[in-house]
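Me: Could you take a close look at a single part for me, the place where the two chains meet? I would enjoy one connected walk through it.

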Protein chains: 2
Amino acid sequence: MSSSPSATLVVPGFEGDFSPGEAFSLEAGGVLASPTLHYAMYGEPNAAGDNVIFVAHALSGSARVADWWPRLFSEGGLLQAGGHCVIGINIPGSCYGSTGPASVDPLSGRPYGPNFPLVTIGDIVRMQALLLKKLNIHRLKVVMGASIGGMQALELAVRFPELVERVVSIGAAPLDAMGLGLNHLQRRMIQLDPAWRGGHYAPDQQPRKRLALARALAVCTYKSADLFEHRFARKPDRSGDDPWSSLHERGLGLTGGRFDVAGYLDYQGEQFVARFDANAYLALTRTMDTFDPARGYPSAEAAFSRIEAEVMLVGISSDWLFPAREVAALAAGMVKAGVRCQHRELVSSHGHDAFLAEPDELARLIRPFLL
Amino acid sequence: MSSSPSATLVVPGFEGDFSPGEAFSLEAGGVLASPTLHYAMYGEPNAAGDNVIFVAHALSGSARVADWWPRLFSEGGLLQAGGHCVIGINIPGSCYGSTGPASVDPLSGRPYGPNFPLVTIGDIVRMQALLLKKLNIHRLKVVMGASIGGMQALELAVRFPELVERVVSIGAAPLDAMGLGLNHLQRRMIQLDPAWRGGHYAPDQQPRKRLALARALAVCTYKSADLFEHRFARKPDRSGDDPWSSLHERGLGLTGGRFDVAGYLDYQGEQFVARFDANAYLALTRTMDTFDPARGYPSAEAAFSRIEAEVMLVGISSDWLFPAREVAALAAGMVKAGVRCQHRELVSSHGHDAFLAEPDELARLIRPFLL
């Protein structure tokens with residue numbers, strides 16, 4: 001896709017853990033007794049404090065921004081140049097260092113498991129603001145992210161207007177009914193796994209098969225029909241399954257050989273299980289579902305009118321989880337509320353995942369806004 | 001939707017079972033030792049034999065056409081008038097009277113279960129042709145159907161050109177990669193259910209929860225995002241769940257209260273389990289997956305050029321399981337092959353299910369072609 005030099009991965013200059021030091025009350029009514037935020041910093045804040053970029057991660061990401069968005073940091077990439085301080089913060093509910101369902105609840109001395117409370121995007125940004133304060137960061141030059149990361153960027157600008165100079169939110173909006181339905185089915189898959197054990201599984205005995213299945217469905221929502229058709233069409237599975245076989249090697253006439261797309265989805269599911277936790281998946285899809293920046297305000301307009309930052313919203317043309325038209329509607333609502341909001345569309349067949357799959361095109365769109 | 005008088009359901013004048021009387025060899029290599037086709041007839045063939053309409057059913061339908069497509073038979077409906085003979089034939093693999101996975105395999109004396117072989121649309125129409133011959137029906141005025149029913153209509157016209165005068169195929173084309181992937185995940189859900197028992201469950205102990213879940217995912221593919229948004233948006237479940245609750249009534253912080261769309265999907269799944277069999281679901285989704293009228297011919301053009309019938313293909317504007325553009329491409333391929341093929345689009349937000357949800361609009365489109 002790119003003619004620029006090969007990517008150079010960057011490691012954080014610092015990784016650390018932060019705790020507000022007291023119980024954190026959540027919007028939905030739960031409490032995290034002593035939550036930890038794991039964060040990573042690339043570079044350092046300058047004396048003027050005007051070089052900090054907070055990159056918020058998506059569902060399966062981590063604080064190590066350069067691990068999952070390497071092209072932003074490579075030579076020729078968006079944020080290659082020195083002088084920036086980039087910070088990533090793992091979101092609570094995840095399994096990459098911050099407090100999540102697998103963490104021990106200080107109140108019970110046991111892992112939260114199924115008792116991990118609902119953490120909203122609003123809760124997350126309130127914790128992030130505490131961390132930024134602790135780090136003496138009083139102003140973010142940019143907060144950017146895609147998907148759940150884009151939700152955080154928007155919510156931070158609504159809740160803490162004085163903290164945010166610019167927002168880039170990519171492929172993010174309150175989920176529509178189809179997205180809510182598909183997330184619900186993914187959670188149900190996991191919950192129906194006997195190995196889930198009502199959420200009380202041992203760390204090394206998680207409900208692998210159903211988590212893989214849930215991820216495979218999610219992958220369908222992250223990609224597009226056009227991309228799948230281009231990649232797989234109706235080809236048989238590349239490992240040799242024959243979809244037209246009556247009794248395949250496992251002797252099951254009802255299941256049969258796979259098409260190529262099925263093999264791909266199975267593979268994606270298996271890969272995910274190796275690096276993610278089922279309860280964290282349940283927690284973060286609920287976080288995604290409940291995102292609504294207008295919630296708690298009289299109206300969306302009232303919420304948006306709080307924003308002082310300049311905002312760029314990027315929709316992805318082939319995204320059907322967060323359809324481009326819904327991102328456009330969000331942008332229109334912001335403009336109506338008086339926000340300095342620009343709207344762009346990333347034209348790509350990659351679906352929601354275009355923010356990862358098309359980093360050069362994404363950088364081309366947002367560079368003029370950032371630099 | 002309609003101002004016509006209320007629908008009058010029609011019961012079949014005759015229901016019966018047909019067996020070719022010998023083993024039936026299937027394209028994928030399996031054999032059905034003594035298959036049965038269950039069929040229903042409304043009216044009788046006339047002396048000239050020019051009044052027979054074969055209505056092919058979709059995945060969860062039955063031979064009783066008027067049960068699932070009542071508006072075609074009601075006053076003011078498409079086929080209200082006397083003089084027609086309408087025939088419906090339950091497809092093998094199903095659980096409505098024809099041989100399926102729950103039937104006893106004469107060779108083993110036990111239910112086929114997971115050993116039920118792959119039955120293709122080509123196999124199905126070859127069996128149907130034997131039944132029609134037995135009934136002394138040598139010519140079909142019309143064969144029509146939607147989804148898997150539309151596949152049968154097309155395949156019959158390719159395989160038995162002399163048998164078919166007119167074809168109406170609605171929302172049918174070879175599945176694309178996204179559709180194949182989503183069907184695969186539905187099968188995997190069922191197979192992963194311990195209650196599936198490798199396909200050897202007792203008739204009254206089928207894998208209810210995972211079949212319901214598979215159906216719920218299928219319902220997502222049968223509807224459209226617009227329809228869901230119009231009906232459910234981000235409303236909480238109407239039975240009282242609160243999606244923003246941290247610890248809902250079942251005490252599971254990770255699962256939480258449902259949105260309205262989730263309650264709807266759960267309900268649809270539960271309703272389906274009461275009337276369908278898990279192994280039949282596996283069998284028929286494989287039948288759907290493997291539909292390809294060009295298979296076995298040198299090219300799609302070679303296959304289509306066999307068709308003597310006049311054909312009408314109807315795409316549904318909001319169908320994302322069988323996208324309208326793919327139906328249009330199929331129509332273009334037919335025209336190229338010299339088929340007298342018309343193409344129409346049913347404009348509806350109901351998605352694939354529009355063939356059931358918008359019968360009046362559908363009738364308006366196809367009436368001029370049929371009568």
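Reply: Happy to. A salt bridge here is a side-chain nitrogen of Lys or Arg within 4 Å of a carboxyl oxygen of Asp or Glu. By that rule, chain B and chain A share two salt bridges. In one of them, Asp226(A) pairs with Arg325(B) through their side chains, at 3.3 Å from N to O. This is a predicted model, in which local features need pLDDT of at least 70 and side-chain atom pairs count only at pLDDT 80 or more, while totals for chains, interfaces and linings use all residues. Residues are numbered from 1 along each chain as its sequence is written, chains are lettered from A in the order in which they are written, and side-chain values use heavy atoms, with hydrogens and water left out.

Now the contact as a whole (heavy atoms within 4.5 Å): chain B and chain A bring 72 residues each. About 5600 Å² is buried between them, 64% of it from carbon and sulfur atoms; buried area is the accessible area (1.4 Å probe) lost on putting two parts together, summed over both.
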